Structures are given as structure tokens and as C-alpha cells.
2 protein chains.
Amino acid sequence: MDVENRLVLYCEKPLRNKGRFPIPKRCFKLQGHSGSCADFGYLAHIDEAAAGVGRKIRRDATKTTGASWRSKDAGPNRIDRWAMLLSDSDLLGYDLDVEALSPGVQAKLRDKRATYDDCIEVAQKLAWHVYNMRGAPAPPPDIRDYLEQLFGSLGEEETACMICGEPLEFEDFARAVRGKAEIETAHANPRAHNADNVGFAHRICNIAQGPRTLDEFYAWMESVLRRVRRI
Amino acid sequence: MDVENRLVLYCEKPLRNKGRFPIPKRCFKLQGHSGSCADFGYLAHIDEAAAGVGRKIRRDATKTTGASWRSKDAGPNRIDRWAMLLSDSDLLGYDLDVEALSPGVQAKLRDKRATYDDCIEVAQKLAWHVYNMRGAPAPPPDIRDYLEQLFGSLGEEETACMICGEPLEFEDFARAVRGKAEIETAHANPRAHNADNVGFAHRICNIAQGPRTLDEFYAWMESVLRRVRRI
């Protein structure tokens with residue numbers, strides 16, 4: 001599934017960065033594309049089909065969670081993942097006081113750091129996973145070509161929960177239990193945010209995995225079952 | 001381990017209820033005891049050895065969690081478990097507006113309801129589990145006799161994490177990872193709070209179990225491993 005040699009040539013034209021952290025953003029449409037430049041162009045059709053899913057992908061791909069910054073500027077609790085590549089003193093320049101957070105929250109935030117490029121690739125990969133879901137709308141040809149060049153054919157495998165392996169349904173995005181969305185973005189290694197490491201999972205599975213890698217989680221399950229079933 | 005016929009005869013003398021919910025409380029020391037009456041007398045020695053552990057047992061045995069009541073009276077987020085046996089309209093008389101909480105939080109709170117008697121028995125059982133832990137102090141003879149009458153001999157089995165089965169150490173009560181205590185009170189069935197259903201568990205195990213019963217959780221693990229290991 002991993003495409004070793006990504007030969008996709010992007011437009012690369014610089015985009016205006018409307019965010020607060022002045023990193024260079026650029027166009028991730030293909031070279032010679034028509035229409036305006038964009039870094040999330042491959043989400044255009046998902047946005048039409050189910051706006052919430054597109055917003056979720058952008059947010060999970062690019063934003064941290066877990067910190068209640070005591071800064072009005074910071075918004076409720078999310079900032080760009082690439083901001084967490086900055087030093088504590090640089091962040092203070094943005095009115096974000098890392099040292100005011102508990103050590104636990106600081107460590108979790110640093111775990112969520114990622115480059116702009118990795119965030120874009122995560123969004124691309126999540127879009128690909130969406131189109132592989134049961135009940136997902138078919139992508140328009142240009143987006144299909146784009147995502148297949150990046151990650152391989154669509155429709156050959158069904159997107160399953162990354163953790164329990166049960167198939168996920170597109171309509172699960174709209175479902176919530178006790179006010180919490182049923183599908184979350186998950187990481188095989190919770191301390192790495194890149195296209196090879198992300199997928200979707202049931203909320204309950206994602207919570208169960210916790211801070212462990214998937215390999216660690218499965219090994220833990222095996223050791224638990226050996227212990228409790230022996231009794 | 002389950003003692004079918006609990007022949008323990010309690011003092012039963014009424015206690016003054018200093019709490020906000022006027023239920024009848026009573027003395028759970030043995031008939032003919034010396035000293036003052038109490039419902040948590042069996043925690044006296046744990047309180048001396050490690051005050052935090054005694055407080056934790058009282059709190060987990062008797063208090064709900066999970067609701068941010070918008071009432072000053074309610075305190076941060078805990079109220080007596082027996083209060084959750086009252087109707088919504090009765091609770092409104094205590095300035096607790098259940099309907100203002102999300103349906104999810106309401107359901108969770110109702111899951112935590114328990115009678116005063118069940119709460120006391122949970123506290124007794126947790127005290128018994130503490131004394132069965134590696135590294136726990138030895139109880140004084142009167143408390144040993146009391147707990148052994150209720151739940152069987154101390155020292156015959158080691159208290160293990162109710163979920164993963166690994167032995168727990170008394171000193172783990174004082175340990176915290178990222179600001180969170182390592183040992184939590186756990187329930188084989190998260191919707192039942194009584195002595196036969198409670199124990200201690202690692203925080204990470206308790207989170208992983210989530211809203212499932214232990215049986216459901218182990219069955220889920222088996223199905224996941226069958227699925228992911230087959231690939």
C-alpha cells in the first residue's frame with residue numbers, strides 16, 4: 001500500500017498564509033492545473049458531499065489538541081501542529097506560554113508536532129481512506145487520479161478501523177454516541193503524524209489504544225488474555 | 001472469594017449525616033464495639049499509613065464523577081452516588097439541574113448511582129484489596145478480623161489489576177504519570193457499583209476498558225487479535 005516513489009509533481013506556487021504562524025504554504029494541486037491554487041484541493045468534493053468530514057480532515061491533519069492555552073489569541077485548545085516545532089521562547093512570542101501548562105500536557109503537545117508537508121500528506125491520505133469507505137460517494141475523476149497517484153488504486157481495499165480492523169462506513173462520520181463522534185483520526189504510533197502512520201478508527205478503539213503504538217497495544221492484549229484466561 | 005453468608009453484625013446506631021442529601025447513615029463497626037461510632041472505621045489504619053489512599057477509597061466508593069454541575073453548591077463535579085437515585089425533579093430541589101447536562105453525561109451519572117449500603121460495602125472491599133497488595137502495611141488485628149469476616153482471609157491472594165491481571169503494589173498509589181494517579185478504582189461492570197464488582201486497576205487499563213464489562217472487553221480483544229493477526 002505504501003507508494004515508495006511518489007512521482008507526483010505539484011504546482012508548488014506559494015500560497016498566502018492566513019494563519020498566525022508564518023510558514024511558507026504552497027499549492028498541492030498538480031503542475032499545470034486549472035483553477036486557483038490550493039493546498040487542500042483534493043478535499044473539494046468531500047466538502048460538497050459532507051462538509052463536516054472535510055473540516056474534520058483539515059482539523060485533525062493540521063491542529064493539535066489537548067492544551068487549554070490561557071491566551072485569547074490561541075483559541076480554545078487547538079493550534080497548528082507545525083507551531084509545536086518552535087521553541088518555548090518562540091511560542092511565547094505568540095502569547096503561548098508552554099511552561100504554564102502541566103508537564104503532561106506539554107509532552108502530549110510536543111508529541112503532536114508535525115511539519116506542514118506531513119500535515120498535507122496526512123490530509124491527502126485521510127481523503128484516500130474516506131473514498132475507500134463503504135457508502136462513500138465516488139470521487140470525481142480528477143480527484144480519483146490525484147489520490148491514486150499518491151496512494152494506489154481506490155476501491156481495492158475497504159477502509160477499516162485502524163485498531164480493531166472492522167470496516168468503517170462513511171455514514172459513521174455523522175453518527176455520535178453520547179455527543180462524541182464515532183470515527184476519529186488514529187495513529188499507529190501516537191507520537192508520529194505522517195501519511196504512513198494515520199487512519200481512521202472507532203472512538204472507543206482509539207481511546208483504548210491510548211498512548212501505545214498499535215504493536216504495543218496488540219502485544220499488551222495478548223499478554224492480558226494469556227494471564228486472565230489461564231485463571 | 002465471595003462470602004455467601006455475611007454473618008457480620010453491625011452496631012447500626014444512626015450517625016449524624018453531615019452531607020447535603022438526608023439519607024440515614026449508621027455505624028458499620030461491630031456490635032459491642034468500643035470507641036465512637038463510624039461508617040468508615042475500617043479505614044482508620046489506612047488513613048494513618050497513607051492518608052491519600054483512605055481519602056481515595058471514601059471518594060471513589062461514595063462519589064460520582066463526570067458532571068460539571070453549574071451549581072456552586074455541587075462543588076466541582078462530584079456528588080454522593082445515592083443522590084443519583086433521586087428523580088430529576090428531586091435533584092432540582094438541591095439546585096442540581098440534570099436536564100441542563102448533555103444526554104451523555106446524564107446517562108453516565110445515572111450509571112454511577114448506588115445505595116449508601118453498597119457504597120459502604122465497596123469501601124470495605126477496597127480496604128480489603130489494599131491489605132492484599134504487595135508492600136501494603138499489615139492491618140491491626142481488629143481491622144484484620146473485621147475485613148476477613150467480610151471477604152475472607154487476607155494474604156492468600158495478591159491484589160492484581162482487575163483488568164490486566166498484573167500485581168499492583170501499594171506504593172503505586174503514590175505514583176502518577178503526567179499528573180494522573182496510576183491506580184484507579186475499577187468495575188467489572190461499569191454500570192454496577194457494589195462490593196462484588198469493584199477492584200483496583202491501572203489507569204491505562206481502566207481507560208482501555210471504557211464503558212464495556214470486563215467480559216465484553218476480553219471478548220473484544222480476542223476478536224480484534226483474530227482479525228488483525230490473520231492479515
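**Notebook: the interface of chain B and chain A**

I looked for polar contacts first, and across the interface of chain B and chain A the rule finds six residue pairs, both residues at pLDDT 80 or more. A polar contact here is a pair of N or O atoms within 3.5 Å; within protein, one must be able to donate a hydrogen and the other to accept it, and residues adjacent in sequence count only if both atoms are side-chain atoms.

I noted the ground rules: this is a predicted model, in which local features need pLDDT of at least 70 and side-chain atom pairs count only at pLDDT 80 or more, while totals for chains, interfaces and linings use all residues. Residues are numbered from 1 along each chain as its sequence is written, chains are lettered from A and ligands numbered from 1 in the order in which they are written, and side-chain values use heavy atoms, with hydrogens and water left out.

**Salt bridges and elements**

I then found four salt bridges across the interface of chain B and chain A (a side-chain nitrogen of Lys or Arg within 4 Å of a carboxyl oxygen of Asp or Glu). I checked the one that B:E222 forms with A:R229, where the closest N and O atoms are 2.9 Å apart. On the side of chain B that touches chain A, the elements giving two or more residues are α4 (103–111), α7 (203–209) and α8 (214–230) of chain B. Of that side, α8(B) gives the most, with 11 residues. Helices (H or I, at least four residues) and strands (E, at least two) are DSSP runs, numbered from the N terminus.

**Extent**

I have 26 residues of chain B in contact with 26 residues of chain A, contact meaning heavy atoms within 4.5 Å. The buried area between the two chains is about 2,300 Å², and carbon and sulfur atoms give 65% of it; this is the accessible area (1.4 Å probe) that two parts lose on being put together, summed over both.

**Symmetry**

I laid chain B on chain A with an RMSD of 0.0 Å, by a turn of 180 degrees and a shift of 0.1 Å along the axis. The two copies are therefore related as by a two-fold rotation axis. In chain B, the C-alpha nearest the axis belongs to B:A208, 1.8 Å from it. Superposition is by least squares on the C-alpha atoms of residues with pLDDT of at least 70 in both copies.

**B:W220**

I listed what B:W220 touches, not counting residues up to four places away in sequence: A:C164, A:C205, A:A208, A:F217, A:M221 and B:R212.
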